[in-house]
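This report looks at how one protein model is put together. Please look at the sequence and the 3D view before reading on.

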Amino acid sequence: VMAEKKVIAIIQSGGEFETNQDGSLSYRGGDAHAREIDGKTKYTDFKVEVAEMFNSNLGSVSIKYFLPGNKKTLITISNDKDLECMINFHDDSVTANIYVMTEEEVATQGSDMPASRSSRTTLSEAGVLVDDPLNVTDDVVDDTTRLVILDDTIHVDARIVIPTDIPLSFPCVGSNYENIEKHIKAPKEWKSNITGVGQRFNSVHEFREALRKYAVAHQFVFKYVKNDCHRVTVTCKAEGCPWIIHARKLSNTQVFRIRKMNATHTCEGTTMTTGYLASKNLVASIIKEKVKVQPNYRPKDILNDIKQEYGIELKYYHAWAGKEIAKEQLHGSCKDAYNQLPFLCEKIMKTNPGSLATLITKEDLSFHRLFVSFHASLFGFLQGCRPLLFLDSTPLKSKYQGTLLKATAADGDDGVFPVAFAIIDAETDDHWHWFLVQLKSAFSTAQSITFVADREKGLRDSIAYVFHDLNVHHGYCLRYLSEQLVRELKGQYSDEAKRLMVEDFYAAAYEPKPVGFQRCVENIKSISLEAYNWVMQSEPVHWANAFFQGARYNHMTSNFGDQFYSWASEAHDVPITLMVDAIQSKLMELIYTRQADSNQWRTRLTPSMEEKLEKENQKFFSLRVAKSAGNKFEVCGDSFEVVDLDHRDCSCKGWQLTGLPCCHAIAVMNCIDCSPYAYCSRYFTTDSYRLTYSESINPVSTVDGLVRKESMVTVTPPSTRRRPGRPPVKPLGPQDLPRRKRKPKCSRCKVIGHKKSTCKELLFEC
C-alpha cells in the first residue's frame with residue numbers, strides 16, 4: 001500500500017525563505033513545477049529530473065521539505081529512504097511542497113533561518129540536546145557537543161544541521177601514522193595556511209579551503225561546531241584535544257578574521273574510517289594545473305594520482321566534481337558564456353571590419369544559433385581559392401550539446417581553408433537554410449560555385465533556392481551516399497557483398513566517361529538488383545564524374561574540413577565563447593604559418609600541384625600527336641583522345657576534372673613548343689596561394705575581458721542540455737540478438753545433431 005501512495009510534489013526553486021513573527025518560515029518568489037511521485041520513485045532519478053528542471057548542477061542541488069504542521073524545520077531528502085518517508089508523512093495530503101536549493105543559496109540563507117535536518121535523524125543519534133544552539137557564545141565551545149555526519153551535511157544534535165561543503169574521504173591517521181606519512185606529499189605552504197589570531201581571509205570559502213589544506217598538511221582531522229556565512233568554529237576531532245580555531249566575518253564586509261586559536265595538539269591523530277573532511281574545491285586546487293594541460297584528465301586517473309601523491313582516498317564522484325570546478329575556474333562557466341555572446345559578436349566585427357557575426361535567440365532569449373565569418377577568410381576565398389565549398393557538420397559534446405556547421409574551401413595546395421562556421425542548438429533543415437543565407441550575405445560574387453554536401457537535411461532544396469541567381473552546382477557527398485545505400489538495403493547481404501558494392505559505387509563515381517560508369521554499376525547489378533536500382537535512382541548527375549557539370553577538382557566527400565575542426569568534437573564542456581576564441585586562434589595560426597611557408601617557395605605552382613604536373617609530364621613521351629582542325633589535336637597511345645587547347649579540354653576528362661593539363665594535353669604542348677604552366681588553373685599558382693593568405697585576423701579581446709553593455713539582451717543557454725551520468729544503453733533490436741546456430745544434419749542416417757564424419761550408424765550393403 002505504501003508503494004501505491006501518490007503525492008503531487010510542488011517543486012519550487014529560486015525564491016527565499018522569510019521568518020515570520022511566530023518563528024515559522026514562508027517561501028517567497030521563485031518558479032514552481034508539479035510532478036507526481038510515489039513509493040516507487042527513486043531518489044537519484046528524482047534529483048536528476050529536478051536538476052534539469054531548474055538547469056542546476058547535479059552535485060550542488062539540495063532537496064528539502066516541511067513536515068505537515070511544522071513550518072519551522074526543514075527536512076533534507078538525501079536517499080531513497082528519505083523520499084519514501086516524505087511520501088508517508090504526507091499520507092493524508094494530496095500535495096507536498098518541496099524546495100530546491102543550491103550550495104550558494106544554502107550558504108546565503110544558512111545563518112538567517114533554522115538549519116535543515118535529515119528525516120532519518122533519531123534521538124539516539126542526537127547526543128546532547130541544545131534548546132537554542134545558535135545562541136551559544138562564540139568564544140566557548142562545548143566539548144560534549146556531538147556531531148552526526150549525514151550525507152552532504154554536518155548535524156550538531158538532532159535539531160541543528162550546519163551546512164558545509166561535500167565531505168571527501170582521506171586515509172585515516174592513527175596507529176598507521178608513520179606508514180601513511182611517507183605517502184603524504186602536501187605542499188609545504190599548506191602548513192602555513194593558518195598562522196594564528198588576526199589572520200584575515202577574503203571570504204568564508206577561502207578560510208574553509210585554507211583550513212582543509214592546513215589539516216591535510218598537519219595530519220589531523222577536524223570537526224565543525226559552527227559553520228555559516230558569518231562565523232566558523234572548528235575543533236580537533238580527537239576527544240580531549242585542545243586544538244581550536246574560531247573566525248568571524250567583519251561587519252559590512254566579506255572579510256573573515258581569526259578571533260581565537262589554540263594551535264596545540266595533544267593527540268597523535270584520530271582513527272576513523274571516514275577520514276578527513278575536505279571539499280571538492282580542494283581537489284580542484286590540486287588538479288587545476290594538470291587539467292589545464294590535459295583536458296581529458298579522467299576522474300579515474302585523478303583518484304589514482306591523488307592517492308599516490310597526497311595519500312588522499314577519494315570517491316569517483318568527488319574526483320569528477322573537483323574536475324568540474326577546475327574546468328570552470330580555468331575556462332569560465334558554460335552557462336554564463338552565452339550571456340557574453342552579444343558583446344563577442346560586436347567585438348569581432350569591430351576589430352575585423354568586413355567580418356560577419358550574427359547571433360539569433362529564441363523568443364525566451366535562449367540561444368538559438370550563431371554565425372561567424374572573418375574578413376580574412378572571405379577575402380582569401382574570393383581572391384585565391386577555387387569556387388568550391390564543402391558543407392558539413394560536427395556534433396558538439398559540450399554541456400549544452402549543439403552542432404557545429406562549417407563551410408570550408410580548398411586552397412591552391414589542397415589545404416583546408418575555413419570560410420565560415422556556425423554553432424546551433426540542434427541540426428535541422430531550417431538551420432542549414434539559415435546558414436546558407438548568412439553565407440551568401442557574407443560574400444558577393446557572380447561566378448559559378450560548386451558545393452559538395454549531403455543531399456539530406458534540406459540541403460538539396462536550400463542550395464538551389466538560396467543561390468538561385470548564381471550558376472550553382474551541388475555535388476552529393478559520396479560518404480553519405482554510400483552509408484545511405486548500405487542502410488537502406490532491405491535484403492540480407494554479407495559484409496563482403498556490401499563492401500564490394502560500396503567499392504563499385506565509388507569506382508562508378510570516379511569514372512570520367514559514361515562507358516566506365518555503366519561498367520561499374522553493372523558490377524553492382526550482378527550482386528544486387530536492389531542496390532543497382534537504388535544507385536540509378538540516386539541522381540548520378542549530382543555525384544558521378546561522367547555526368548556532373550560542376551568543378552569539384554576530384555574532391556568527392558564533404559568532410560574535407562575535418563582536418564581543421566576535428567578537435568571540436570572532443571572538446572568536452574568548453575564554453576561557447578572559448579570555442580569561438582579557439583577557432584579564431586587556430587585560424588590566425590593557420591594564416592600566419594602558411595604565409596611564412598609560401599614566402600619560401602620558388603616555383604610557379606604550389607608544391608603539391610608541381611608534383612602532380614610532374615607525374616603527368618612523365619607519361620607523354622610514348623604518345624603520338626596529330627594535328628586536326630584549328631587548335632584541336634589527336635593523341636594516340638593506349639587510347640585515342642582529342643585535345644582542344646582553346647577550350648582546355650581533353651576527351652579523357654582528366655584536364656577538366658583536375659584543373660591541370662593531362663598527359664595528352666602536355667604531349668600536344670610539347671609538340672607545339674608551349675609551356676604547360678600557361679594552361680594550369682590560376683588557383684594553383686603560388687601567387688594565388690599567397691593572395692589567399694594575404695589578409696590577417698586581428699585578435700579579439702580575451703573572454704575574461706568581455707564586458708556586457710546594459711543595452712544588450714541577456715542570452716540564456718539552449719534547452720538541449722546533456723543529461724548527467726552515463727548515456728542510456730540503446731535497447732537491442734531483433735537484428736542485434738545472437739542468431740541461433742543451426743544444428744547439422746547427417747547425410748548418411750538423416751538424423752539431426754551430428755555430421756557424416758562422426759556418424760556411428762553402420763550401413764550394410766545388400
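## The sheet

Two strands pair if DSSP finds at least two bridges between them; strands (E, at least two residues) and helices (H or I, at least four) are DSSP runs, numbered from the N terminus. This is a predicted model, in which local features need pLDDT of at least 70 and side-chain atom pairs count only at pLDDT 80 or more, while totals for chains, interfaces and linings use all residues. Residues are numbered from 1 along each chain as its sequence is written, and side-chain values use heavy atoms, without hydrogens and water.

An open sheet is formed by seven strands with mixed pairing, in the order β17-β18-β21-β20-β19-β22-β23. β17 (356-361) and β23 (472-476) are the edge strands; each has a single partner strand, so one side of each has no neighbour in the sheet.

## Strands β22 and β23

Strand β22 (residues 449-453) runs parallel to β23, and five bridges join them. Opposite Tyr476 in β23 stands Ala453.

## The nonpolar cores

A nonpolar core is a set of buried Ala, Val, Leu, Ile, Met, Phe, Trp, Tyr and Cys residues joined through side-chain atoms within 4.5 Å. Buried means under 20% relative accessible area, exposed over 50%, and partly exposed in between (1.4 Å probe, protein chains only). The largest such core has 96 residues, and Leu391, Val419, Leu439 and Trp655 have the most contacts inside it. Strand β21 (residues 416-424) gives the largest share, eight residues.

Apart from this core lies another of 22 residues, including Ile194 and Phe256.
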